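Hi everyone, thanks for coming. Today I'd like to walk you through the aromatic side chains in one structure, so let's bring it up on the screen.

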Amino acid sequence: MKKIVVLGAGYASLAFLKNLDLEALGDYEIFLISRYDYHYTSILLHEVVTGARRDARIYLTDILPHKIKIIQDEVLEIKEDKVLAKKQSYDYDYLVVGLGFQSDSFGIAGIKEYATPIVDFENALKLREKIYLQIEKYKKTKDCKDLKFVVCGGGFSGIETITSLAINLKKFCKEQGVDSTLLQFICIEAMPDILPMFSAKLVQKTKNFLKTENVELATGCKILRCEEGRVIVQRNDREEAIEAGLIIWTAGVKGNAVIENSSFFTSARSKVEVDAYLRPYNQENQDKMQNIYIIGDCAALKDAESGRFYPPTAQIAIKQGEYLAKAFKNRILGVGVEAFNYISEGTVCSLGEECAIGNVKGRDISGKIAIFIKRMIEKKWLYKILGIRGIFR
């Protein structure tokens, strides 16, 4: 039997597997290779970090039918007709790469040593523990620097993280008998303003909200390096230090390290450029790419109209997986396949657990209606992978 091997258990891979016509593919063995035996909703990792949510995992055995064989192993490298992993190697006839993202330090010195990114569920739990330990540390030292939290990056992830952190850490401090007014939160952003994907009106609403939560914005600050207990930035052509008890890095992501470790692919920033059918494109080994597909954060896909690469989001990852499931069946059955066409349904950014801003189908939204829509988007995904059970999670 021919083998379809899927790498990674993120949004793109699960959307692909959940939409496959398993009856039509009865002559194929289907394997999912994942480092973990669960899927985590990455759009909720910031809530795990800040203690707003205890868990964000769903076990793969609760999601996938028995026809799909789940292998828990860590992928290291992809070669022609073979995937190398920690436990063993795996042959494939068709390969779907949906390995997700990693943090991007952009080569800035000290990021790996002194800043903590948010990259997966286990990492989010460790970061949450670090945050709580800062409070415990302050109770012993009485050094207010221990209560100073710096988030690097004023984009989507950075703003969601710092707002949730400000709200929930104040609650935790009160539980621990620590004066929450001593907490300091600073968001560093190199651009002149935060959240470039939203309108000026929504950005201003966000800034007003951050001010009520005593979050300081350090915009126009280019990060030069991180050192122990501080971030060195360039602001107004001058170098200055921003002190921190804990530094959280949300300033950028790139594709999975497996891509850059695989010389079989031609890649940039751990991403493989793909064509309109989600197959590798502009490859040195182009003739060997016919049965390989890249989806999600490892895929660099251009918008045909603008010529720009689409930003990596859960939304486009899901749509790629759903498209590929149908296209995969049609291609194997010899039916014509249409190109992937992506139309964004909008973006919603949470400001804590009771407020959000967003743009949905061209219309700006904010406040409670925005957070309601965001929660419905989350439920929609759970429904797709779990059915009716997902609504009640």
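**Aromatic pairs**

Let's start with Phe-149, which counts as buried because its relative accessibility is 0%. Keep in mind, please, that what you see is a predicted model.

Now let's step back. How many aromatic pairs does a search of the whole structure find? The total is 15.

Take Tyr-94 and Phe-328 to begin with. Their ring centres are 5.2 Å apart and the planes meet at 70°; edge-to-face pairs need an angle over 60 degrees, so this pair is edge-to-face. If you trace the chain, you'll see that the pair links distant parts of it. Tyr-94 belongs to strand β9, residues 94–97, while Phe-328 sits in helix α8, residues 314–332, and 234 residues separate the two. Are these two residues buried or exposed? Both Tyr-94 and Phe-328 are buried.

Back to Phe-149, then, and its partner. Phe-149 and Phe-185 form a stacked aromatic pair, with 6.0 Å from centre to centre and 20° between the planes. Here, too, distant parts of the chain are linked: Phe-149 lies in strand β12 (residues 148–152) and Phe-185 in strand β13 (residues 184–189), 36 residues apart. As for Phe-185, its relative accessibility is 1%, so this residue counts as buried as well.

Let me return to Tyr-94 and Phe-328 for a moment. Together with Phe-16, Tyr-28 and Tyr-293, they form one aromatic cluster.

One last stop, this time with a charge involved. Over the ring of Tyr-38 sits the charged end of Arg-57, 5.5 Å from the ring centre.

Technical notes:
Residues numbered from 1 in each chain as written. Predicted model: local features only at pLDDT ≥ 70, side-chain atom pairs only at ≥ 80, totals over all residues. Heavy atoms only, no water. Phe/Tyr/Trp six-rings, centres within 6.5 Å; stacked < 30°, edge-to-face > 60°. Helix = DSSP H or I, 4+ residues; strand = E, 2+ residues; numbered from the N terminus. Buried < 20%, exposed > 50% of the residue type's maximum accessible area, 1.4 Å probe, protein only. Lys NZ or Arg CZ within 6 Å of the ring centre and 35° of its normal.
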